[in-house]
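Take a first look at the fold on screen. Then follow the text from one place in it to the next.

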Amino acid sequence: MRFAITVLYCGASGQKGFYNSQELGLARAMKLLGYEPVVFYPDKDLKQPQEETTSDGIPVVRVPAKSLGVHGWYDWNILLKYGVKAVQIGSDNQLFAPELIRFCERNGIRVYNYIGTTVSDSHNPVKSLLMGLLYRRNLRAYRKTKCFAKTPAVAKQLEGHGITDVEVAPVGLDLSVIPEVTESKEALREKLGLPVDKTILLFVGRLDEYKRPLEAVRLLEKLPGAVLVMIGTGSMDAEVEREAKTLGVRDALVRIVRLPNEQVQQYYAACDYYVNFNDHEIFGMSILEAMYQDCAVLACHAPGPDFIIEDGVSGFLAENTATMTELVRAGVRLAPGAARKRILEHFVWDRTAGQFDTWLKTADGSK
């Protein structure tokens, strides 16, 4: 069966080779189950579709798109051109998901929603209110369609909106693209030019407001002698630099604008703590990667971290920056292998793909 993973989000996203793609990870797992996956991404800069095939034979198609903010739509007929029989929609709070759902239904294509959030992650109250009002139209479509939620929190929200056919299906890691890191922490630090005898914090992600990168910089003021490695770039690049200089901690900040994902794995393994301040974190691929490399994750409460992390067992959950500071000062540690064990048992794509496969077989009767 030709199975499509359709993305509607038109905002900034990870570049090829610099991000552990959820879509490609799932596509590889579905291919192992006998499907013929194809991934569709919207691209506002294109005039014609562009197809690229991965080394393992998965077509990745970038489709000319239009957008309203980060909400994209494109010519759904491309699904028919590729002979698609089943579709996963990265629905979230995307405004044009209902149109795609209706297109699939008109053309006899099996369709389900994969939902990581039902609300806007904007800190602008007016924008959040507007998005909430617009989202109501999505709910009408979701009530008639199978919904998989990335976290129990999202499943609960959907059920609260009267959607009954909901199943939790967590995001997973694509282990096929993660190299095994065999060097010791000390050897890695020497290799990467990091101090061997200091506490090292790690931040990986876009330097945008919702990721709260300034909170990571502010940790350094409260933790004399600590070092923060920050991998990423974004709209707050200049603010991060100013804050570090204002607080007098610029010498303790290691900035890396861009790094291939396979190399980021070495930093996870070399650092003491991975810090995540996003209090709207939908899931957190970097959290999964850090845990897989047995880097202790310190994360503010949010739907993703609250689901992934067993507090004090496979990571640590924090109320705020002050709580996170105290955890580092206390030198909290995890049992060796505890974080990786959590990932391997619950958050790999093979497990989640099995859930989608079961539903597709039940809904369609065959592959």
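Where is threonine 151 found? Threonine 151 sits in the loop between strand 8 (146-149) and helix 5 (152-160). Helices (H or I, at least four residues) and strands (E, at least two) are DSSP runs, numbered from the N terminus. The model is a predicted one: local features need pLDDT of at least 70, side-chain atom pairs count only at pLDDT 80 or more, and totals for chains, interfaces and linings use all residues. Residues are numbered from 1 along each chain as its sequence is written, and side-chain values use heavy atoms, with hydrogens and water left out.

Is threonine 151 buried or exposed? Threonine 151 is buried, at a relative accessible area of 0%. Buried means under 20% relative accessible area, exposed means over 50%, and partly exposed lies in between (1.4 Å probe, protein chains only). Which residues is threonine 151 in contact with, leaving aside neighbours within four places in sequence? They are Val168, Ile282, Phe283, Pro303, Gly304 and Phe307. Contact means heavy atoms within 4.5 Å.

Now step back to the whole chain. It has 14 helices and 15 strands. Its radius of gyration is 21 Å, close to the 21 Å that the globule rule gives for 367 residues, so the chain is as compact as a globular protein of that length. That radius is taken over C-alpha atoms, and the rule is 2.2 Å times the number of residues to the power 0.38. The C-alpha atoms fill a box of roughly 60 × 45 × 40 Å, taken along the principal axes. Of the 367 residues, 54% are buried. Take the contacts between residues at least 6 apart in sequence: 67% of them join residues at least 24 apart.

Leucine 201 is buried, with a relative accessible area of 0%. Beyond its neighbours within four places in sequence, leucine 201 is in contact with Leu219, Leu223, Val227, Leu228, Val229, Cys271, Tyr273 and Val328. Glycine 331 is 130 residues away from leucine 201 along the chain, yet their C-alpha atoms are separated by 12 Å.

Why is helix 7 (residues 213-222) called largely enclosed? Of its 10 residues, 7 are buried, so the rest of the structure largely encloses it. The buried ones are Pro213, Leu214, Glu215, Ala216, Val217, Leu219 and Leu220. Their cover includes strand 10, strand 11 (227-231), helix 8 (237-246), strand 12 (253-256), strand 13 (273-276) and helix 12 (321-329).

Helix 3 (residues 97-106) has buried residues too: Ala97, Pro98, Leu100, Ile101, Phe103 and Cys104. Glycine 108 follows helix 3, and its phi is positive, near 65°.

A disulfide is a covalent bond between the sulfur atoms of two cysteines. Here a disulfide is counted as a pair of cysteine sulfur atoms within 2.5 Å. How many disulfides does a search of the whole structure find? It finds 0. Cysteine 104 is in no disulfide, and the nearest cysteine sulfur, that of cysteine 147, is 14 Å away. Cysteine 104 is buried, at 0% relative accessibility. Cysteine 147 is buried, with a relative accessible area of 0%.
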